[in-house]
Structures are given as structure tokens and as C-alpha cells.
Amino acid sequence: MSGEAKPSTLEAARASLMRSAALKPFEYLVWLPLPLLIFLFPSKAFLLNEIAILALFAVSLDLILGFAGIVSLGHAAFFGAGAYTAGILAANGFGAPLLGLAAGGAAAALLGFATSFFILRGSDLTRLMITLGLQLILLELANRFSGLTGGTDGLYGMTVDPIAGLFSFDLTGQTAWFYSLTVLFAAFLFARRLVHSPFGRSLKAVKGNRRRAAFLGIDTNRRLVAIYTVSAGLAGLAGVLLAQTTQFVSLDVLDFHRSAEVLLVLVIGGTGYLYGGIFGAVIFKLMQDWLSGMTPQYWQFWIGLLLVAIVLVGRERMTGGLGRLAAFLPGRPARRAAKAPAAGGEDAP
Amino acid sequence: MLTILFDGFAYGMLLFILACGLAVTLGLMNFINLAHGAFAMAGGYLTVVLMNRYGVSFYLCLPAAFLVTALAGAVLERTLYVHLYDRNHLDQVLFSIGLVFMAVAAIDFVAGSQQQIIQLPASLRGRFEFFGVSVGVYRLFIIVICGLLTLALQLVSSRTRFGSQLRAAVDDPSVARGLGIRVSAIFAVTFAVGSGLAGLGGALGAEILGLDPTFPLKFMIYFLIVVAVGGTTTITGPFIASIILGVADVAGKYYLPDFGAFVIYTLMVAILIVRPEGLFARSAAR
């Protein structure tokens with residue numbers, strides 16, 4: 001009898017996972033009108049594009065931070081790897097955007113895979129240092145090989161062809177916005193599917209308690225390597241988008257402040273439910289736009305103050321409001337927020 | 001060659017004074033304080049202002065830098081940091097990055113973004129030959145001061161009652177608390193002294209390291225390397241790590257100038273990959 005019951009349980013489990021992975025009708029209502037924003041705010045096309053890119057970057061970080069519990073201070077390494085790959089390709093006559101997208105994503109994922117083995121051991125501090133160190137090494141390399149990357153002057157001379165030979169990047173920024181938004185949406189769907197797969201669920205177990213997850217028969221190291229690689233690839237896509245839509249790459253893409261910024265974005269939006277990165281990117285960019293309009297040079301101060309305030313008030317309480325708002329989204333951030341404090345020092349083995 | 005060793009040694013000593021406070025903070029309360037460099041910057045700027053605007057002697061500025069940053073450290077510890085000891089590492093990192101951003105922008109606002117210059121007193125300038133080694137007087141001065149401080153730290157931690165309480169608290173805070181040691185008071189004092197030392201290091205290093213508003217970000221990585229590589233359970237660990245880092249950095253910049261800081265980053269990542277808990281971690285030695 002049990003032999004018959006088992007497949008049906010499996011079916012039920014699979015159906016339940018698929019249900020939570022699928023977009024709710026409400027979410028279609030949010031996503032579908034987004035392309036029209038450009039017609040509402042034509043003067044803010046550049047900002048819109050930046051928001052989409054930052055959102056993608058933050059979603060990629062959420063995959064490792066919110067779902068695997070890896071604290072990284074060097075995620076910009078992958079952003080930069082993607083940006084430089086696409087940039088160098090475009091500067092050397094391979095300007096097809098989709099080719100650049102594929103190549104940049106693959107290069108970043110490869111880098112992520114290669115470096116993922118370094119973050120499996122040690123404490124949070126060791127991981128922070130290694131991720132940060134790898135990013136700094138990349139920065140030094142990009143600076144050193146200025147013949148290829150343009151060094152401190154930045155990479156000029158990129159010619160990006162029209163997308164699929166049809167839509168060229170124009171000065172109004174419309175193509176850029178549609179392009180970035182499409183990539184963001186596709187990547188978001190992919191990430192959503194991933195975290196609601198059995199793989200994603202086992203990853204949450206690894207985050208909760210690595211040793212117990214291992215006792216359950218989960219190969220924790222392989223899970224972490226896999227998610228780190230995927231996350232790096234998505235971060236690379238974000239970098240490619242920036243390079244192609246602005247047609248310029250500078251050492252700035254590998255700078256420390258970029259890694260810190262994306263962490264902040266994720267903290268504003270909340271971790272562990274994917275939408276956090278998007279909400280955070282919107283809030284952060286609007287705020288940056290507003291603050292740097294007021295005090296161009298010193299907006300960093302307010303960002304710092306915000307960070308300190310968020311941490312002192314408590315991230316859970318701060319994002320709780322957003323969480324309640326999004327409580328009917330899959331991933332149930334409200335419940336997650338309630339138990340988050342208990343999951344504090346999760347991965348001290 | 002020997003000159004490089006000497007300069008590297010001086011540089012390493014300086015790094016140790018700058019970073020040892022961080023090592024203790026991290027070892028004692030398991031707190032990742034990325035804002036440690038901000039205290040060093042505060043010490044440096046205090047010295048610049050006192051010397052250039054009020055004409056105070058450099059020798060008087062050093063203790064002033066120590067005292068003022070120690071006081072600032074104590075105040076911040078009691079008001080802000082104390083809320084974060086039981087939070088997870090992500091919160092601590094975010095909080096201290098926030099502090100760094102604020103410090104950078106505030107200094108930029110008050111003093112401008114340009115590099116600050118300190119006019120050393122005449123008695124500290126110049127070089128002399130010593131058995132064929134060209135010795136900078138100021139670097140010798142740094143080595144002497146930092147050497148004395150290191151010795152004092154070592155003596156305090158190994159010979160005094162406070163030192164043994166501190167070591168007990170580092171080893172196991174809850175047991176130490178159970179034995180009646182006032183861990184939080186010890187931590188406040190240690191944090192203040194660590195901040196003060198950073199301030200002193202910033203004042204001493206303004207000439208060598210350069211001083212501008214991005215100082216805390218630029219040198220954060222160096223302090224963290226010292227702590228990550230040296231471990232946090234001893235004083236000798238970070239000390240040796242500082243010296244290695246100082247010599248490697250100076251030698252790297254001298255022999256491979258094109259690669260800049262590449263050498264030390266690679267060295268750090270390599271060490272951490274082989275020994276994730278640091279070179280001198282006690283858990284690794286067991």
C-alpha cells in the first residue's frame with residue numbers, strides 16, 4: 001500500500017513546490033505595467049535602467065545571502081567580470097548584445113565556480129576577507145592590464161549592435177530599459193523557480209544549520225558551490241547590462257563601494273524572498289537620486305546614517321512592514337521575519 | 001635590501017598599533033568592526049588640526065590623539081556598539097560600514113577631500129647611514145614607539161590582573177562572567193584603549209600612509225588582513241602578521257611596482273585558503 005502512496009506524496013510535494021514557484025495573478029499586475037514607466041517618466045530613463053540593473057545585482061546577492069547564508073563583501077567581483085567581458089567583446093567587434101550577455105554571464109559564473117571552493121571553510125570573517133580579497137585582486141588585475149581594460153581611464157570604444165539586429169540602443173533610453181527589464185524579469189523567474197525547487201529547499205536547510213543538513217544526507221558543499229556559481233552568473237548579467245546600456249566600463253564596477261551598496265540595497269528590501277532586492281533597489285536609487293540632488297558630495301553620509309539606523313532599529317522590524325505587505329507572496333517573508341532573530345549565528349560550525 | 005626590510009618593519013609596526021585594537025575587539029566580543037579605521041583617521045586629523053592651526057608640537061599631539069580617540073571610542077562603545085554584540089555578523093558589518101560612510105563624508109565636509117600634510121619637527125626628519133643601511137629617523141622613531149607599546153601591551157596582558165581577566169574573557173566570555181569577571185567593563189576599557197591606539201597610529205602614520213577622507217576604506221582591508229591572518233587569540237599573532245604584511249607590501253611595491261597591492265591580496269587569500277582560521281589560531285594548533 002505504501003508503495004502506492006509514495007508516488008502520490010511525491011506528486012503532491014512537486015505540485016506544492018510548483019505552486020509556490022509560479023507567479024500569482026497579483027504579481028503579473030505588478031510586472032506587466034512596468035515597461036510603460038518609461039513613457040511616464042521619459043526624463044528618468046537613465047535612472048530606471050540603473051534601478052533594473054541594481055535590482056538584478058541585488059537578487060543575485062540574495063540567492064547566496066538570503067538563501068544560503070553566505071556573507072560576501074566582494075560580490076562586485078562578478079558584476080565587474082561580466083561588465084568587462086561584455087565591454088571587451090564589444091570593443092573588439094563582437095557587439096551583439098545577446099552574445100555579450102551569454103559570454104559575460106558565463107565568465108562570471110565560471111569565476112564564481114572557481115572561487116566558490118574558497119568560501120566553504122572558515123568563519124564569517126574568513127569569508128568576508130576572501131570575497132573582498134578576490135574582488136581587490138580583480139581590481140588590481142583590471143588596473144594592471146590596461147591595454148585590455150583601459151585601466152583607470154575606463155574602456156572606451158565599445159560599439160553595441162542593435163539587439164537581435166532589430167532594436168538599437170537610442171538616446172531616449174527606451175531600448176535599454178526594455179532590455180534590462182526583460183533580463184531582470186527572466187532572471188527573477190529563474191531564481192524564483194530555483195529557490196522553490198527541491199534544491200532551493202535543501203539550501204535553506206543548509207542555511208539553517210549546516211551540520212544538521214549534512215546529517216540529513218544533503219551534500220552541503222555541493223549545494224553551496226552550485227548556488228554561488230548561479231549567483232555569480234546573475235551578478236555577471238547585471239554587469240553586462242550596465243556595460244552595454246551605458247557603453248562604458250570603468251574600474252568603478254569592481255570598487256568596494258559597489259559591494260557595500262548592494263548589501264545595503266538588500267538590507268533595505270529584506271533578504272530571503274527575492275523581491276527584497278527589487279524593492280531595495282527602487283528605494284535606494286530613488287533616495288540616492290534625491291539625496292545627491294540635495295547634497296551632491298555628501299550623500300554618502302545619509303546612506304551611512306540610514307545603515308546605522310536600520311541595524312539599530314533592527315532589520316526584521318524595519319523590513320517587517322514590507323514583509324506584511326508582501327505576506328501573500330511565496331516565501332512568506334512575514335513568517336521568515338518572525339524567526340529570523342533565532343537564525344542569528346547560523347553558520348558557526 | 002636591508003633598507004626595504006627596515007622600512008617594511010616600521011610599516012608593519014605601525015600597522016600593528018593600528019590594528020591591535022581591532023584584534024582584541026574581534027577576539028573578545030566576536031565583533032567585526034569595519035569602522036576601526038575611522039578612529040585612526042580621527043587621530044590623524046586631530047594631529048593635523050592641532051599642528052597646523054594651533055601650532056601644537058608634534059610630540060604633544062601624539063598623546064592627545066590617543067586620549068581623544070580613546071574617549072570617543074569609549075563613548076561610542078557605550079552608546080552604540082553595546083547594542084550590537086549579540087547580533088549576527090551581517091548586522092555588525094552593515095553597522096560599521098555605515099559608520100565608515102558617515103565618517104568619510106563628515107571629514108570630507110569639514111576638512112575637504114585633499115590629502116593632508118603634516119610638517120614633522122626637524123629632529124625627526126632626514127636619514128643616516130648605519131652599517132651601510134640607510135635609516136630614516138622618523139621610521140626609527142616609529143619603530144621605537146611602537147616597539148615600546150607592543151612590549152607594554154604584552155606585559156599588561158601577561159603580567160597584570162587586568163590582563164589575565166582579559167585573556168579569560170577572550171577565551172570564554174560566559175565562563176569568565178560566571179567567575180565574577182566584569183566582562184562588559186573590561187570590554188569597554190579595551191575598546192577605548194584599542195581606539196586610542198588606532199588614533200595614535202593614525203597620527204604617527206599620517207606622514208607615511210597619507211591622510212585623506214578615504215583613509216578608513218583604504219586601510220580597512222589592511223587591518224582586516226592583520227586580524228584574519230594573525231588570529232585574535234594572542235598579541236603575537238597579529239604582531240607577526242603585521243610585520244609580514246608590512247615587509248611584503250613594501251617589498252612588493254619596490255620590486256613589482258606595476259602590481260601595486262596585488263602581492264599582499266594574493267598572499268592573504270592564499271594564507272586564508274590554506275589556514276582559514278588564520279596563521280596562529282590556537283584551534284588550528286591543537
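**Loops, helices and the chain A–chain B interface**

A:Gln247 sits in the loop that runs between helix H12 (220-246) and helix H13 (256-269) of chain A; helices (H or I, at least four residues) and strands (E, at least two) are DSSP runs, numbered from the N terminus. This is a predicted model, in which local features need pLDDT of at least 70 and side-chain atom pairs count only at pLDDT 80 or more, while totals for chains, interfaces and linings use all residues. Residues are numbered from 1 along each chain as its sequence is written, chains are lettered from A and ligands numbered from 1 in the order in which they are written, and side-chain values use heavy atoms, with hydrogens and water left out.

Phi of A:Gln247 comes out near 55°, a positive value in a residue other than glycine. With a relative accessible area of 30%, A:Gln247 is partly exposed; here buried means under 20% relative accessible area, exposed over 50%, and partly exposed in between (1.4 Å probe, protein chains only). A:Leu274 also has a positive phi, near 65°, and is likewise a residue other than glycine. It is found in the loop between H13 and helix H14 (275-294) of chain A. A:Leu274 is buried, at a relative accessible area of 1%.

As for chain A overall, the secondary structure amounts to 17 helices and zero strands. Of its 349 residues, 54% are buried. Counting contacts (heavy atoms within 4.5 Å) with a separation of 6 or more, 79% of those in chain A come from residues 24 or more positions apart.

A:Thr149 belongs to helix H8 (residues 146-149) of chain A, and it is buried at 7% relative accessible area. Its side chain reaches the backbone oxygen of A:Phe145 at 3.0 Å. Apart from neighbours within four places in sequence, A:Thr149 is in contact with A:Tyr84, A:Ile88, A:Ala142, A:Gly154 and A:Leu155.

Next come the charged pairs. Over all chains, the structure holds ten salt bridges, each one a side-chain nitrogen of Lys or Arg within 4 Å of a carboxyl oxygen of Asp or Glu. In one of them, the side chains of A:Arg192 and A:Glu27 meet at 3.0 Å, N to O. This pair links distant parts of the chain, with A:Arg192 in helix H9 (residues 174-195) and A:Glu27 in helix H2 (residues 25-31) of chain A, 165 residues apart. Both A:Arg192 and A:Glu27 are buried. A:Lys44 and A:Asp289 also form a salt bridge through their side chains (3.0 Å, N to O). A:Lys44 lies in the loop between helix H3 (37-40) and helix H4 (45-68) of chain A, whereas A:Asp289 is in helix H14, so the pair ties together parts that are 245 residues apart in sequence. A:Lys44 is partly exposed at 35% relative accessibility, and A:Asp289 is partly exposed too, at 32%.

B:Asp249 forms a salt bridge with B:Lys253, their closest N and O atoms being 3.2 Å apart. The two residues lie in helix H10 of chain B, four residues apart, or about one turn of the helix. B:Asp249 counts as buried at 3% relative accessibility, whereas B:Lys253 is partly exposed at 42%. H10(B) itself (residues 236-255) has 20 residues and reaches 28 Å from its first C-alpha to its last, close to the 28 Å expected; the expected span is 1.5 Å times one less than the number of residues. Its buried residues include B:Gly237, B:Pro238, B:Ile243 and B:Leu245.

Buried residues in H11(B) include B:Phe262, B:Tyr265 and B:Met268. What covers the buried residues of H11(B) includes helix H7 (124-144) of chain A, together with H9 and H10 of chain B.

That leaves the interface. Chain B gives 45 residues to the contact and chain A gives 39. About 3,900 Å² is buried between the chains, 79% of it from carbon and sulfur atoms; buried area is the accessible area (1.4 Å probe) that two parts lose on being put together, summed over both. In chain B, B:Leu90, B:Leu94 and B:Phe101 lose the most area to chain A, together 17% of what that side buries. Zero salt bridges are counted between chain B and chain A. Helices H4 (89-111), H9 (215-230) and H11 (262-274) of chain B each give two or more residues to the side touching chain A, and H4(B) provides the largest share, 16 residues.

Technical notes: A polar contact is a pair of N or O atoms within 3.5 Å; within protein, one must be able to donate a hydrogen and the other to accept it, and residues adjacent in sequence count only if both atoms are side-chain atoms.
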